[in-house]
Amino acid sequence: MIIPLEGRWALILGASSGIGRAIATALAQEGANIVGLHFDTGDRAASVAELAGKLRGYGVEAHFENANAASPATRAKLIPRLLELTGGEGVHITVHSLAFGTLVPYLPREPWPASITKRQLEMTVDVMAHSLVYWVQDLHAAELLRPGAKVYALTSAGTVQALPSYGAVSAAKVALEAHVRQLACELAPYRVAVNALRAGVTVTPALQRIPESADFVARGEANNPHGRLTVPEDVAEAVTLLSRTDSSWITGNTIGVDGGELHAAAGAWSRPVPAGHEGGMP
Amino acid sequence: MTEQLSTPTRPLDKEELRALLAQILDVDVAEVTDTAHFVDELEVDSLMALEIAVQLEQTYQVKLGEKETVALKSLDDAYELLSAKLADRVSP
């Protein structure tokens with residue numbers, strides 16, 4: 001059954017920028033209350049306060065917490081808070097959009113001064129993949145994932161493509177998609193849907209930290225058969241759309257939200273899009 | 001729960017700072033000597049470095065710039081930086 005999102009609760013892990021921020025905004029516009037977790041130094045406090053004010057302007061509750069999403073202490077603090085806020089209704093939408101990892105190659109390579117360490121590799125996979133499992137464990141144990149609830153994890157084409165500095169993140173995304181499939185099956189009896197959303201190349205602060213990003217952003221538009229890059233709002237719209245059901249039948253998938261980019265042969269789609277057919281947003 | 005600036009300003013105490021860092025880094029207090037290098041000796045990675053910065057900001061109600069955060073390499077560094085920040089705040 002198609003349902004409205006008004007009055008429902010959404011937990012966004014990684015809410016202060018990029019795709020997480022766009023999802024929080026889109027869901028608030030649909031009337032969903034937002035709990036956003038982010039991890040930033042004080043220089044981003046004004047930007048987060050601005051976002052919270054904007055969301056409240058849509059007539060919803062917006063609560064932001066500045067803490068490490070990969071830390072057990074953060075979950076221990078936030079789960080009771082979610083129980084209190086949602087009043088037994090549970091969290092309808094959980095989004096894992098954590099972009100924090102090591103961007104260095106496995107082997108020495110110019111111009112990187114050092115190759116990856118065990119600690120960096122483990123940290124990256126822990127934050128960007130395993131933390132999904134721990135959050136779902138705790139949300140489930142607290143009975144915050146009710147029938148019809150949706151869990152989304154943001155993945156990327158890095159699961160099948162290699163970039164010079166993206167090795168650890170790529171490994172994390174592969175693990176993340178495996179976790180999504182496993183959680184989908186384990187949560188099926190509870191009628192909770194778990195899916196990975198594979199955004200196309202999207203210009204976000206996380207992408208811009210990838211040293212070689214300028215090159216593939218420049219080529220990305222030409223490689224996308226829609227003739228433009230993915231924008232955070234494309235992914236936010238997908239989350240909104242997929243969440244407006246109480247069904248858990250769409251589950252265990254990696255869903256491409258990339259305008260067909262992954263499947264398009266590189267360089268083959270660069271002719272101009274005909275006037276008047278510019279591929280929707282933005 | 002938006003702004004964690006609810007705790008009152010705490011006076012800077014080196015032993016308390018040492019205990020806070022030990023807790024963040026999940027090591028014994030004794031390992032956090034005044035000069036133990038965060039990265040080389042205490043195995044601080046970029047995530048833990050951000051955790052240190054955010055917790056220092058929240059505990060002492062200061063703002064740390066990215067350069068200041070990167071320059072924090074030991075308890076002594078953190079103590080000096082916080083002393084300077086807190087002194088700036090009380091003086092007119």
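These are legends for a handful of close-up views of a predicted two-chain model.

A few ground rules come with the model: residues are numbered from 1 along each chain as its sequence is written, and chains are lettered from A and ligands numbered from 1 in the order in which they are written. Because the model is predicted, local features need pLDDT of at least 70 and side-chain atom pairs count only at pLDDT 80 or more, while totals for chains, interfaces and linings use all residues; side-chain values use heavy atoms, with hydrogens and water left out.

**View 1. Chain B, from end to end.**
Let's start with the overall layout of chain B: 4 helices and 0 strands. Read from the N terminus, the order is α-α-α-α. (Helices, H or I with at least four residues, and strands, E with at least two, are DSSP runs numbered from the N terminus.) Of the 92 residues in chain B, 39% are buried. Buried means under 20% relative accessible area, exposed means over 50%, and partly exposed is in between, using a 1.4 Å probe and protein chains only. Now take the contacts in chain B between residues at least 6 apart in sequence: 59% of them join residues at least 24 apart. A contact here means heavy atoms within 4.5 Å.

Look for Ser74(B) in the loop between helix 3 (66–71) and helix 4 (75–90) of chain B. Its relative accessible area is 8%, so Ser74(B) is buried. Setting aside residues up to four places away in sequence, Ser74(B) touches Asp34(B), Thr35(B), Ala36(B) and Phe38(B). Gln61(B) sits in the loop between helix 2 and helix 3 of chain B. With 23% relative accessibility, Gln61(B) counts as partly exposed. Check its backbone too: phi of Gln61(B) is near 50 degrees, a positive value in a residue other than glycine.

**View 2. Where chain B meets chain A.**
Here 16 residues from chain B come together with 19 residues from chain A. The area buried between the two chains is about 1800 Å², and carbon and sulfur atoms give 57% of that. (Buried area is the accessible area, with a 1.4 Å probe, that two parts lose on being put together, summed over both.) There are 2 salt bridges between chain B and chain A, a salt bridge being a side-chain nitrogen of Lys or Arg within 4 Å of a carboxyl oxygen of Asp or Glu. Glu43(B) and Arg119(A) join their side chains in a salt bridge at 3.3 Å, N to O.

**View 3. The largest nonpolar core.**
This core has 50 residues, and Leu11(A), Leu132(A), Trp135(A) and Leu145(A) have the most contacts inside it. Among the elements that each supply at least two of its residues are strand 1 (9–13) and helix 5 (167–187) of chain A, together with helix 2 (46–60) of chain B. Helix 4 of chain A gives the most, with 9 residues. (A nonpolar core is a set of buried Ala, Val, Leu, Ile, Met, Phe, Trp, Tyr and Cys residues joined through side-chain atoms within 4.5 Å.) Zoom in on Leu145(A): leaving out residues up to four places away in sequence, its contacts include Val91(A), Val136(A), Val151(A) and Leu187(A).

**View 4. Arg228(A) and Asn224(A), two residues in one loop.**
Arg228(A) is in the loop between helix 7 (213–223) and helix 8 (232–243) of chain A, and Asn224(A) is found in the loop between helix 7 and helix 8 as well. Arg228(A) counts as buried because its relative accessibility is 16%. Its side chain makes a polar contact with the side chain of Asp234(A) at 2.9 Å. Asn224(A) has a relative accessible area of 1%, so Asn224(A) is buried. Apart from neighbours within four places in sequence, Asn224(A) is in contact with Asp258(A), Gly259(A), Glu261(A) and Trp269(A).

The peptide bond from Glu110(A) to Pro111(A) is cis, with omega near 0 degrees. Pro111(A) lies in the loop between strand 4 (93–96) and helix 4 of chain A. Glu143(A), which is not a glycine, has a positive phi of about 60 degrees. With a relative accessible area of 56%, Glu143(A) is exposed.

Terms used: Polar contact = N/O pair within 3.5 Å; in protein donor to acceptor, adjacent residues only side chain to side chain.
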